[in-house]
Amino acid sequence: MGLRTTLTLSCVAVLMSTVSAFATWLWWSRAAVPPNALPQPTLEQPPANAPAATDDTFPKKVLPFLKKYCLDCHSGDRAKGGLALEVYVSEAHARKDRKNWLAVQHVIAAGEMPPKNKPQPSKEEKEFILHWIESVLTYVDCSPHVPKDPGRVTIRRLNRAEYNNTIRDLCGVDFKPADDFPADDVGYGFDNIGDVLSIQPILLEKYLVAADQILDKALAMPHVVPPSKQSFGPQPIQVNPRSAKILEPRRRIIFTTAGTGSIERFHFPAEGDYKIRFRGWGTNVGGEFPKVNLIVDGKELRSFTVEAPASQPRTYETTARYTAGERKIQVAFTNAFEDKETKKFREFGLEAIEIEGPFNAAPPPEPASVKLVLVARPGPQLDARAAAEKVLANFARRAYRRPVKPEEVARLLKLYDIATQQGEPFPSAIKLPLKAILVSPHFLFRIEEDPKNPNDIRILNDFELATRLSYFLWSSMPDEELFTLAEQGRLRQPGVLEAQIRRMLKDPKSKALAENFAAQWLELRKIPTLAPDKGYYPTWDEELRTAIIREAEYFFDYVVQKDRPILDFLDADYTFVNERLAKHYGISGVSGPAFRKVQWPDNRRGGVITMASTMTITSNPTRTSPVKRGKWILENILGTPPPPPAPDVPELPPTGQLKGTLRQQMEQHRADPNCAICHNKLDPLGFGLENFDGIGAWRTLDNKKPIDASGELPGGLKFDGPAQLRQILLTKADQFRTCFAEKLLTFALGRGLEYYDKCAVDEIVKAGKTHSDAFSAYVIAIAQSDPFQKRKGKRSD
């Protein structure tokens with residue numbers, strides 16, 4: 001049985017012996033929180049100082065209100081908005097679904113429910129139900145002296161992006177094995193949510209295969225390049241036809257005036273000695289033979305007198321040492337001469353150029369990945385097993401993102417012993433325990449200890465905090481600076497945490513925020529799957545598809561790197577384009593594939609809402625969709641997502657069958673009072689963006705008729721066109737701040753938010769506003785918040 005087989009079998013045993021226990025743990029930790037139950041019910045009791053409801057309040061007052069004003073539409077399998085209220089038969093049942101009751105509270109307070117064509121509650125009834133919901137179900141005391149519930153993050157595995165980035169930083173290899181893993185599930189809009197990151201048997205197999213591939217790449221030692229010979233006949237040699245005769249069919253090169261024969265780019269594969277030769281002949285005219293120089297990258301190596309006759313050409317060579325890289329090699333004829341009396345020219349015939357080497361090659365540099373992983377080697381001062389212990393202790397510490405216990409290292413050394421007993425050398429033997437680390441749940445999962453008492457709240461230790469911070473901002477493991485601060489217990493010291501956050505945001509690895517947070521918040525990951533109809537949008541192509549994604553990523557990363565106000569996402573006078581996207585937007589003076597910052601030439605566009613990416617995501621293949629555009633703004637900008645549409649809503653006719661503009665068709669559709677409730681909020685927002693077609697290009701006509709981009713929002717706010725719409729959205733900046741804080745906190749925690757997170761969100765928004773809405777202010781406030789710094793025990797329910 002070979003080492004690879006032993007390695008695989010041993011690691012399978014290690015993995016399976018721990019995964020079964022982890023699977024049980026995960027099941028119990030998620031039993032009260034089903035992955036697909038969004039929103040999740042919670043059973044915590046209200047704070048002691050919250051107003052108490054009488055025992056008969058629900059059956060005597062709340063249920064009659066629901067029956068009178070709500071259950072006609074919100075009951076049964078076809079409940080409007082997917083909200084069935086008849087299931088709440090007691091106050092205890094209502095407490096399990098606080099998020100739904102928050103929604104009920106919002107629409108009643110806003111006057112959106114009941115619909116205008118339904119019986120309306122009196123002022124007293126409305127005040128009662130709103131007070132009851134707030135005092136009994138959604139009340140949260142945010143007073144500074146009151147302990148806050150930080151919530152509990154479900155143990156979760158690394159998602160695909162996190163796995164790839166962690167392997168990059170742990171092993172120093174530019175390799176993305178997780179691209180071959182099954183797709184990650186999404187919850188609350190993100191793919192790093194513990195409740196939905198399941199683990200499947202096929203994924204265990206992928207982990208084993210990936211571990212082999214990673215270690216093979218990380219520990220690959222380059223070999224000394226052996227000598228080789230490359231000859232170039234006349235055909236590939238570049239010459240100036242004015243200085244040489246090129247005779248066909250053999251393409252013999254004969255110089256009669258001064259000139260060069262060149263190999264424009266020759267790759268020297270490694271540092272070493274190289275023999276550089278040419279084969280040629282010359283004629284004696286004027287008492288001299290041809291003088292020929294060998295030149296490399298403009299530097300003369302040696303000069304030769306070519307005396308060989310044309311019938312017997314000779315080889316001339318010299319030796320020089322070069323480092324690896326591309327160089328230009330030239331053979332230069334320097335002493336051309338014409339005998340005026342005989343009319344003869346001194347001729348130099350060039351038949352071949354040859355390079356042989358490297359000889360005495362320098363040992364190739366050791367890859368950075370080898371230095372990163374093999375921090376100790378066997379030698380005169382250190383035996384092989386002691387070196388293995390140092391390597392494994394360091395690698396496990398970094399992979400597990402915490403200090404390792406002596407017994408953990410001892411178990412890994414036993415695997416090393418298995419390999420050495422088979423006679424494997426150190427570099428091969430060490431792979432066995434390294435693989436065990438890469439398939440260990442301590443690497444694959446982000447593990448945080450629970451408090452011993454389920455009702456207690458525990459402050460995370462510094463290693464857990466460093467891990468939360470690095471996966472929030474980098475989607476990867478902590479670096480050595482974070483590890484050192486955690487080991488010293490200094491990460492929470494005044495000023496240290498904030499300084500680390502600012503350092504991390506400036507690090508190139510913070511681009512992960514654009515790739516993982518922004519790409520999901522702005523729904524950019526949908527774009528690769530979209531297929532706009534080329535019949536309607538002939539300029540759509542793959543280059544444009546890539547460009548509109550890059551624009552949004554560059555824009556987001558600029559806000560991060562320059563610490564711009566987050567209100568730039570609502571409206572900004574700049575964006576990032578390359579030549580292809582500039583053409584799409586009608587911006588002149590931009591050439592080439594590189595993206596650069598440009599000012600908008602007018603006020604048509606600004607921020608993320610009017611980007612081509614957003615407009616394309618919120619369109620159908622053959623036409624725009626004001627409903628989708630309005631829904632996108634409500635969900636991603638204002639944080640007030642509409643309920644799902646009723647199942648029996650008819651589709652609009654195909655684009656070719658529309659009578660008049662799309663707006664006119666939709667205004668007929670929302671004449672139905674049952675539809676108007678939601679569409680009065682959705683449609684005006686979308687109508688304000690109708691000047692942008694289905695791929696985000698500007699237009700003034702729809703179905704050959706002028707576009708009406710005016711609208712009126714609930715509350716009487718009127719606008720005309722996208723510029724005025726953005727200004728109205730800026731008046732709702734507090735809504736956007738809250739929405740953005742909630743989404744960023746969800747991503748940072750890896751869990752959905754609960755009613756008790758309201759205090760933390762309010763503090764984050766307050767901190768952001770205090771610091772001019774700078775992006776870093778929101779990140780710092782999140783990192784300092786109770787949900788990020790603390791962990792509650794498992795609920796006893």
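The model is predicted: local features need pLDDT of at least 70 and side-chain atom pairs count only at pLDDT 80 or more, while totals for chains, interfaces and linings use all residues. Residues are numbered from 1 along each chain as its sequence is written, and side-chain values use heavy atoms, with hydrogens and water left out.

**Whole protein.** Show the cartoon: there are 28 helices and 23 strands, taken as DSSP runs (helices H or I, at least four residues; strands E, at least two) and numbered from the N terminus. Of the 797 residues, 51% are buried, meaning under 20% relative accessible area with a 1.4 Å probe, protein chains only; exposed is over 50%, and partly exposed lies in between. Among contacts (heavy atoms within 4.5 Å) with a separation of 6 or more, 72% link residues 24 or more positions apart.

**The sheet.** Next, select β3, β6, β11, β8 and β9. These five strands form an open antiparallel sheet in the order β3-β6-β11-β8-β9; two strands pair if DSSP finds at least two bridges between them. At the edges are β3 (238-239) and β9 (299-305), each pairing on one side only.

**β8 and β9.** Now select residues 291-296, which are β8; six bridges join this strand to β9, and the two run antiparallel. Valine 296 stands opposite lysine 299 in β9.

**Glutamate 351.** Finally, go to β14 (residues 348-359), where glutamate 351 is located. Is glutamate 351 buried or exposed? Its relative accessible area is 15%, so glutamate 351 is buried. Leaving aside residues up to four places away in sequence, glutamate 351 touches Phe232, Gly233, Pro234, Arg252, Arg279, Trp281 and Pro313.
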